[in-house]
Amino acid sequence: MSHKRIVIVGGVAGGATCAARLRRLDENAEILVLEKGPYVSFANCGLPYYVGDVIQDEGKLLLASPELFRKRFNIDVRTKHEVVAIDRERRAVTLKNLESGVEIVEPYDALVLSPGAAPIRPSWPGIDLPGIFTLRTVPDSREIRNWIAARKPQTAVVVGGGFIGLEMAENLVHRGIAVTVVEMAKQVMPPLDAEMAEFVRRHLESRGINLVLEEGVAGFERHGDDCLVVRTQSGRAFEAELVVLSIGVRPETRLACNADLEIGERGGIRVDDQMRTSDPHIWAIGDAVEVKNWVTGQWELVPLAGPANRQGRVAADAICGREAKFRGVQGTAVCGFFGLTAALTGATEKALRRAGMKDFESVYLHPNHHVGYYPGAQMIHLKLLFRRSDGLVLGAQCVGEQGVARRIDVIAQAIQMKATVFDLEEAELCYAPQYGAAKDPVNFAGMIASNVARGDMEIAPWNELESTSALILDVREAHEFRAGAIEGAVNIPLSELRARMGELPRSREIWVNCQVGQRAYYACRILAQNGFRARNLSGGYKSYRALYPEGVRETSGIR
Ligand code: FAD
């Protein structure tokens with residue numbers, strides 16, 4: 001019977017999961033969880049909502065206490081204990097009691113590192129001024145709440161327009177604060193492809209968020225008692241009484257580095273598929289490790305709770321001699337702000353390009369989240385990426401007010417099962433009018449992509465719109481065309497196309513668009529069967545507005 005001594009560093013998402021799983025697998029193991037903060041197993045993901053007062057009771061964020069771990073799982077949890085060193089030779093860690101300052105040494109047979117990732121806080125001038133916060137822990141969120149209660153700020157700047165930054169923006173607005181988001185990239189939500197982020201940008205601006213894109217922060221100054229000034233690299237200045245920095249996180253690798261564990265190319269702890277580090281007695285999980293992307297095969301840092309939990313389980317299994325393996329990450333993520341949801345899974349177009357992959361295609365669609373005849377139907381915007389040569393599903397992004405997460409979850413599982421667009425076409429998904437459609441948006445995405453993969457429809461490359469010599473044919477009705485169209489496009493409504501085909505050139509390619517892509521598909525089929533070279537501008541005018549928010553710059557080739 002084993003009496004393994006297992007020490008876990010970090011007692012939140014990965015660490016707590018690993019500890020509980022270890023106990024379920026090995027009743028005799030001695031399990032010690034060391035956490036430098038005051039709490040274990042707290043809901044980091046709920047912190048922005050606590051700041052926003054959506055969650056009002058701090059106690060709700062604390063999912064399990066050290067007492068619960070002791071009583072229910074017979075696990076020794078010590079909070080306010082920081083592990084300061086690892087002695088790999090003696091298989092022991094040095095821990096410091098942060099209240100008494102006393103250091104002691106604890107031996108281990110297996111060590112699990114789950115120290116997470118720390119918010120990036122660059123050494124910009126003025127970074128330590130009061131009123132500038134980051135958000136990682138319950139005390140961090142309490143500090144922001146206290147600042148709001150004491151100072152009653154009217155204005156805030158959120159630096160960083162990623163998931164946490166936008167969640168914070170929404171929650172500060174809940175508190176009656178006017179928010180400016182300053183983001184260095186050209187788009188919000190950098191994990192999304194730019195045109196999908198465009199839907200998010202429009203929504204945020206419609207809700208009064210002042211979005212400042214392509215502006216890097218240079219530093220902060222204090223003006224008077226209550227006012228901070230955020231200065232950008234281009235010389236702009238934004239006044240605020242509260243600043244939240246959310247420009248990303250950096251894996252906590254200090255312990256691992258000092259112990260000479262291998263660090264990977266992205267700066268995270270390098271592990272194998274059982275989460276074992278370069279030392280066979282040490283495992284590492286969660287935000288601190290780098291992991292292989294399931295689609296591109298590249299190493300990545302993916303600071304998300306789902307992977308951290310799954311890795312905790314895999315590490316526990318491996319320590320207990322089981323065969324479990326971590327499959328890699330797909331970066332499946334979801335975020336909501338002001339009623340809009342944005343979600344993604346697998347690879348984005350930019351990730352595929354970064355990975356040097358060329359054999360892929362993307363399609364856009366803008367269906368309702370449930371049938372249009374049932375009240376409350378909301379349009380969703382979906383982009384599906386797949387391998388051109390065999391239809392393998394590579395990634396998807398979706399933005400909309402309803403039904404977004406469900407579609408991405410289905411496609412996420414399809415990606416993990418290595419499904420193709422033909423599988424999505426065939427997917428049998430639940431349907432009643434208030435939930436979806438007999439042809440669910442996921443089926444639709446599969447059908448459109450299958451049309452492309454089978455060669456029934458060719459997709460026109462949106463990114464060549466400005467330079468193409470193709471004729472742009474808009475097959476919407478005249479009133480739709482008049483309300484806004486691609487610069488230089490020719491309008492022949494679908495219903496008139498058969499009769500007016502003589503007006504179209506046979507020597508030139510024809511790129512067809514409609515509102516969302518469906519009528520253009522019908523038009524492409526008509527044209528192709530009549531000897532024209534026609535391609536569909538996928539997603540139609542809706543996609544055009546997202547891809548070219550300011551219109552095309554060159555129009556010479558279009559007419
Ligand atoms: P953590 O959960 O951060 O735990 C690490 C713990 O280790 C920390 O408590 C730290 O104090 C402790 N520690 C570090 N070093 C030591 C040491 N030397 N000794 C002792 N203890 C140490 N993910 C999602 O998937 N969805 C979301 O909606 C989402 N929202 C988020 C919102 C916020 C505000 C934040 C901060 C994160 C959010 N995340 C979200 C990310 C998610 O919380 C993390 O991916 C996950 O918690 C990572 O788990 P982990 O165990 O690696 O690290």
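How far is an oxygen atom of the ligand from a polar backbone atom of Leu-304? The separation is 3.2 Å. The views below come from a predicted model, in which local features need pLDDT of at least 70, side-chain atom pairs count only at pLDDT 80 or more, and totals for chains, interfaces and linings use all residues. Residues are numbered from 1 along each chain as its sequence is written, and side-chain values use heavy atoms, with hydrogens and water left out.

View 1. A polar side-chain atom of Ser-114 lies 2.8 Å from a ligand oxygen atom. For Asp-287, a side-chain N or O atom is likewise 2.8 Å from an oxygen atom of the ligand. The ligand taken alone exposes 980 Å², of which the protein buries 89% (Shrake-Rupley method, 1.4 Å probe).

**View 2. The shell around the ligand.** There are 28 residues around the ligand, and Gly-14, Glu-35, Ser-114, Asp-287 and Ala-305 come nearest (a residue is near if one of its heavy atoms lies within 4 Å). By class, the shell comprises 15 nonpolar, eight polar and five charged residues; Ala, Val, Leu, Ile, Met, Phe, Trp, Tyr, Cys and Pro count as nonpolar, Asp, Glu, Lys and Arg as charged, and the others, Gly among them, as polar. At least two shell residues are supplied by each of helix H1 (13-25), strand E4 (81-87) and helix H8 (305-319). Helices (H or I, at least four residues) and strands (E, at least two) are DSSP runs, numbered from the N terminus.

**View 3. The open sheet E13-E14-E15.** Three strands form this antiparallel sheet in the order E13-E14-E15, where pairing requires at least two DSSP bridges. Strands E13 (217-223) and E15 (237-240) are the edges, each pairing on one side only. Strand E14 (residues 227-232) pairs with E15 over four bridges, and Arg-231 stands opposite Ala-237 in E15.

**View 4. The hairpin of E22 and E23.** Strand E22 (residues 333-337) and strand E23 (residues 340-346) pair in the antiparallel sense over five bridges. Val-334 stands opposite Ala-343 in E23. Two residues lie between the strands of the hairpin, in which Phe-338 takes a positive phi near 50 degrees.

Notes. Polar contact = N/O pair within 3.5 Å; in protein donor to acceptor, adjacent residues only side chain to side chain.
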